[in-house]
Amino acid sequence: MSETKHILLRWKDVKADFRKLAEYRKHEGFEGLKKALAAKPEEVIDVVKNSGLRGRGGAGFPTGVKWSFIPKQEPIKYFVVNADESETGTFKDRLIMETNPYQLLEGLLIGAYAIGAHTAYIYLRGEFWDIAAQLDACIEEMRKEGLVGKNILGSGYDCEIYTHLGAGAYICGEETALLNSLEGKLGQPRVRPPFPANKGGGLYGEPTVVNNVETIANVPWIMTHGADAYKAIGTEQSAGTKLYCVSGHVKKPGVYELPFSATFRELLVDICGGPSVEGRSFKALLPSGGSGPIVPLNDKVLDTRMSYEDTAKIGTIIGSASLIVMDDSVDITWVASKVTKFFKHESCGKCTPCREGTYWLDKVIDRIMAGEGSERDITLIENVAKNMAGITLCALGEFAANPIIHTIKQFPDDFKQHVKKDGKAAKPVALPAAGD
Amino acid sequence: MAIIGNKKYQERINEHLAKYPDKRSAVMPLLYIAQEEYGWVNDEGIAEVAQLCDMDATQVKSIAGFYTMYSEKPKGKYWLQVCTDLACALRGADELHHELLHELGIEEGGTTEDGMFTAEHVMCLAGCDRAPMLQCNFHFVEAVGGLTMAHLRELIAAARQDDKTLQKLIAKWRDEVNKQVQQS
Ligand SMILES: Cc1cc2nc3c(=O)[nH]c(=O)nc-3n(C[C@H](O)[C@H](O)[C@H](O)COP(=O)(O)O)c2cc1C
Ligand code: SF4
Ligand code: FES
């Protein structure tokens, strides 16, 4: 795949160290910002709209449309970058910030200019301690060259960028919980409306845009090369390239940047080298970490393009593109249990169906895992899960229902083999061994 | 010592307070400073942070309790957090976690008698391609091909020698990982 064009990992194509401002500037760095500052804010929004760029935080919302919701007449607005990256199996934003920090900062300034914000925050998960320090250092480098602060590049536009570290709570990746956390409140989601873009709904009540790191890191390239060039990459409804995070049972796990038109086979077989252990075959795939529906990793899935529209056709989502691959040694009951424990731990406790539901799901799966469950337990957890979806304050309630609903749908035997037959305990779940 | 009036932190405290239009927003960074000074988030730290952010101590305490990275009890000098979430567990993280506890002679979340190590398991740390991996005092510890017990024994021995030896070891593994990333 040597002809692959990188947008987010451009340093790979030009073989330069983009952690250095001078190197970044030598290779188109801050050209997009210059173009943006020479244009009107609404023109910048139009370019991003026309590019077809969609949010990479999971939901795939059109970025330019999101920016256009910000009311112009409000004097104070904020731009916030979501660098919470806590979804199981996700490690792409980290790579952008570690290897291409200026492209994120440039994209952020373009976005802030487009919506008329003069203050921007980057909210990083607490564990990104070293990355926050590196970004702070980058911002100071930019200050020396007039790229941040007052009168950026002589344009008359001012913008300050600050980093803010979270402290270990997955829910703070949800945008309204993130805003609460940034305000020094408990990191729990807010009731909507008002939405963050509305007066009363954003940071300190002011209209606010929240975008994922990867989303924003696309923006400089779009400004430099134009909306059409960007739209030409990928598929009809999924423009551009995507960072795919691959983990689990493949020979070469890692982050790979590919156009949305690439198939799972190109990535998992051609690039990642297929199953990690000789003699085993692929069994299952979680394409969007713990939160999206699990699918059997068969030929049909392998030949599916990794776009928003194509993954929907096979009953799952591309979401944050956190591909967790499992070979045929894995019992999906164990996977469902792992993921359920994650959501039980991360439920913020604000709504009853999510708080109580994750607790019960975990308890019953533990029973099934031990070989002590019954057929009725499977029906029970399916009902609990179905009752959680769609009635909670944020999408975590739905995420937590997915592992149960989709395991029962796609891998019914994996659950059934562990339930009691005629009152006799069944075989407990075997755990994966080290070194697999 | 305190954090208020402590020269060591003065500049950082002021910087954090200046970052936000509302002092309350500084509660998280200031709790980290309190934790750095006292080794955990104790009542003195809470009271000082409350004073700096114009909040009630009970509010600050509830914030500290909400997040897992503020410790509500004293910790060892090195806080080892092993990821045992799905992607890491597919590559043997549960076993590594148990062996580590066994090697240190502690229970989950416990601290060694010499006060050197606290160990526990945590959820995904965004290092799944280098599974299994861990964090030591919030810094990534990752190696090409994933951490093994051999790595962890080396890490424990290095830390027992002195902090410099430990940091050098972690940096060496880190360089190997970075080289792999640049070449990929
Ligand atoms: C429980 C939960 C966790 C989330 N975690 C993240 C996250 O870690 N990073 C992220 O960018 N978006 C996360 N999101 C999505 C954000 O709420 C929001 O949609 C996103 O930051 C918008 O940016 P985008 O339009 O650029 O994707 C999460 C959503 C939910 C419901
Ligand atoms: S759905 Fe769960 S995580 Fe989301 S607000 Fe409700 S309790 Fe909190
Ligand atoms: S699952 Fe361990 S770092 Fe992601």
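Okay, let's start at the ligand. Ligand 1 has 20 residues around it, and those that come nearest are G57(A), K66(A), N211(A), N212(A) and T215(A). Keep in mind that this is a predicted model.

So what sits 2.7 Å from an oxygen atom of ligand 1? That's an N or O atom in the side chain of N212(A). E85(A) has a backbone N or O atom 3.3 Å from an oxygen atom of the ligand, and for G173(A) a backbone N or O atom lies 3.2 Å from a ligand nitrogen atom. How much of ligand 1 does the protein cover? On its own, ligand 1 has 620 Å² of accessible area, and the protein covers 90% of that.

Now, on to a strand. Have a look at β5(A), residues 241-248. Eight of its eight residues are buried, so the rest of the structure largely encloses this strand. Which strands does β5(A) pair with? One is β6(A), residues 254-259, which runs antiparallel to β5(A) and is joined to it by six bridges. Those two make a hairpin, with five residues between them.

Next, a helix. α16(A) covers residues 352-369, which makes 18 residues. From first C-alpha to last, α16(A) reaches 25 Å, close to the 26 Å you'd expect at 1.5 Å a residue. Its buried residues include C354(A), G357(A), L361(A), I365(A) and I368(A). Look at how those numbers step along, and remember a bit of helix geometry. An α-helix has 3.6 residues a turn, so residues three or four places apart point the same way. And what do the buried residues of α16(A) pack against? They pack against α15, α17, α18 and α19 of chain A. Just after the helix, G371(A) takes a positive phi of about 80°.

Last stop: I405(A), which is found in helix α18 of chain A. Is I405(A) buried or exposed? The cut-off for buried is under 20% relative accessible area, and I405(A) has 17%, so I405(A) counts as buried. Leaving out residues up to four places away in sequence, I405(A) touches A385(A) and K386(A). Then there's A336(A), 69 residues away along the chain, with 9.6 Å between its C-alpha atom and that of I405(A).

Technical notes
Residues are numbered from 1 along each chain as its sequence is written. Chains are lettered from A and ligands numbered from 1 in the order in which they are written. This is a predicted model: local features need pLDDT of at least 70, side-chain atom pairs count only at pLDDT 80 or more; totals for chains, interfaces and linings use all residues. Side-chain values use heavy atoms; hydrogens and water are left out. Buried means under 20% relative accessible area, exposed over 50%, partly exposed in between (1.4 Å probe, protein chains only). Helices (H or I, at least four residues) and strands (E, at least two) are DSSP runs, numbered from the N terminus. Two strands pair if DSSP finds at least two bridges between them. The expected span of a helix is 1.5 Å times one less than its number of residues. Contact means heavy atoms within 4.5 Å. A residue is near a molecule or strand if one of its heavy atoms lies within 4 Å of it. A polar contact is a pair of N or O atoms within 3.5 Å; within protein, one must be able to donate a hydrogen and the other to accept it, and residues adjacent in sequence count only if both atoms are side-chain atoms. Accessible areas come from the Shrake-Rupley method with a 1.4 Å probe; for residues, only the protein chains shown count as cover.
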